[in-house]
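Visitor: Please walk me through this structure. I would like to know what each term rests on.

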Amino acid sequence: MDLTKAISKTLATTPERQQEADADWEVVKKVQAGDVAAFDKLILKYRERVYSIIYNLCANREDAADLTQCTFIKAFQSINRFQGQASFFTWLYRIAVNATLTHLRKNRLRTFFSFEKITEEDKSSEIIEALTDRTGADRETFVKELQEKLNEALQKLSINHRMVVTLFEIDGLSHNEIAEIMNCSVGTVRSRLHYAKQLLQAELQSYLR
Amino acid sequence: MSDHRSNPPSRVTLEDLLRLKRAERPPPEFWSEFERELRQKQLAALVERRSWWHELAATYGKSGWLRLPVGATAVLALSFLSLRYYSRPGGEPQLMAGGRPANHAVTLAVAKPQDNAKPLATAPAAREPAPEAPASASSVHSTALASEVPPAASGQVSAVVPWLGDVLENRAGTSELTPSARTFAVNLATVAVIEPGLVDALARPRGFEERAMPAARPRHTAEVLPTAAAVTEPRRARLLASLGSAGVYTAEPSVPEHAKRSVNRYLAQDGWDRSFSRLEAEGDHLSIKF
């Protein structure tokens, strides 16, 4: 069973990911050997991705910043326990996800949203353009409203469903990687993703034409 | 940019909307602040002391080859201790029967009541572990010790701790006592010989004992009445006057002569036992109401 899992994982891992994992493992070995400064490379490499996951899960920029810092501190404290069986980023994501889950469960009743501004790049700009052209609304007001609606819809999902959507659609991880991070089967990931998308579709119907 | 605007997507999908979330990014200045805070937190984490169980778990987790032998040893030790504890009659631990506590009693024998220079047996010598002494020898020794307690002292001891007094009077049973009880008895006996006043002081009820067990002390009318009279002054005066004229109000709990006579007369009559209505037991008193 483990062998099948390992083979499917190897097949599912793209060469870029594999290269990335190997490079990370080299850095981790340096840190484990006592070169503490090498850990900064890992922080610089992953801080935005880790922040993005946490931010999309809790929809609060201050909490996301705190939790990202905590994630790196925890990773640094337990770097000696990292054996290289999984890739470093999967291990780091797992720490981040667990920290966020703990935080969300603790503060279930306290929800304050604070959003980052949407950085308008090619793709996002196109989408916003298409939506504003259709509605004829003021661009800035429309973007703000859309952002709020999107976050509201995501917050209506359960933590597990939100996590699957965030990791797959926003961070672009594969089903296998998500399954490894969330410690569940690929089938579960797929079904959760399907269900979450159905719910989101219903919530954001007015924008999807 | 103008090319993109000229060809906007005809249909916006859910994936497109979610892609907008990717574009929610913090400004560059956010990361300099982030870096500074992270450094501070890293330093704080270095200074912060981790709990001992974290250290233990980390050490135990690291040394994987140790897990099986350490776990097995722990289970064996626990089973052995449980078996040893529960196999004894009454579940009394081994330590109470032999070994050190028994030696403790033997050491007490050195501080005999006759020896005024060494008044108390709880001297430091008693705490020192005595050289190996077999449990049987020590119990014989402590029996002999108990027999040395003077009878007068045992009377005083019984005033302080009734059950110990009984035990001292019935000396044959002393060896069946626990070492701590023997120690207690011998110490009290020593104190009774050296400082008789102290034992009297100990025997007097005080503090909690006095408050919690009022039935144990004799009731004096003189103590009760003023308390009751304090409620209303006229009532107090009336009660005191009536009791004074009847000769009932005395400072001592003695029964007046005329009351004794009337009780004797009453008891001499036939069928007196049919006339009493209530039998009341309160503390150490038994009262019959006619």
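Visitor: Which residues of α5(A) meet α9(A)?

Guide: Thr90(A), Tyr93(A), Arg94(A) and Val97(A) do, and their partners in α9(A) are Glu177(A), Glu180(A) and Ile181(A). Two residues are in contact if their C-beta atoms, placed from the backbone, lie within 7 Å. Helices are DSSP runs of H or I with at least four residues, strands are runs of E with at least two, and both are numbered from the N terminus. The model is predicted: local features need pLDDT of at least 70, side-chain atom pairs count only at pLDDT 80 or more, and totals for chains, interfaces and linings use all residues. Residues are numbered from 1 along each chain as its sequence is written, while chains are lettered from A and ligands numbered from 1 in the order in which they are written.

Visitor: What makes α5(A) oblique to α9(A)?

Guide: Start with the description. Two packed helices are described by the angle between their axes and the distance between the axes. The axes of α5(A) and α9(A), residues 175-182, come within 9 Å and cross at roughly 55 degrees. Axes are lines fitted to C-alpha atoms, for helices over the stretch in contact, and angles run from 0 to 180 degrees between N-to-C directions. Under 35 degrees counts as roughly parallel, over 145 as roughly antiparallel, 65 to 115 as roughly perpendicular, and the rest as oblique. That angle therefore makes α5(A) oblique to α9(A).

Visitor: How do you know whether Ala59(A) is buried or exposed?

Guide: Count its neighbours. A residue is buried if 20 or more other C-beta atoms lie within 10 Å of its own, exposed if 12 or fewer, and partly exposed in between, with C-beta atoms placed from the backbone. Ala59(A) has 21 C-beta neighbours inside 10 Å, so Ala59(A) counts as buried. Its place is in the loop between α3 and α4 of chain A.

Visitor: And what makes Asn183(A) exposed?

Guide: Asn183(A) has 10 other C-beta atoms within 10 Å, so it is exposed. Asn183(A) lies in the loop between α9 and α10 of chain A.

Visitor: What is meant by a nonpolar core?

Guide: It is a set of buried Ala, Val, Leu, Ile, Met, Phe, Trp, Tyr and Cys residues joined through C-beta atoms within 7 Å. The largest one has 53 residues, and Ile54(A), Leu92(A), Val164(A), Leu167(A) and Ile178(A) have the most contacts inside it. Helix α3(A), residues 39-58, gives the largest share of this core, 10 residues. A second, separate core has six residues, including Ala185(B) and Val186(B).

Visitor: How do you know how far α4(A) reaches against its expected span?

Guide: The expected span of a helix is 1.5 Å times one less than its number of residues. Helix α4(A) has 17 residues and reaches 24 Å from its first C-alpha to its last, close to the 24 Å expected. Its buried residues, among them Leu67(A) and Phe72(A), pack against α3 and α5 of chain A together with α3 of chain B.

Visitor: Why is α3(B) called hardly covered?

Guide: Among its 20 residues, the count of buried residues is one.
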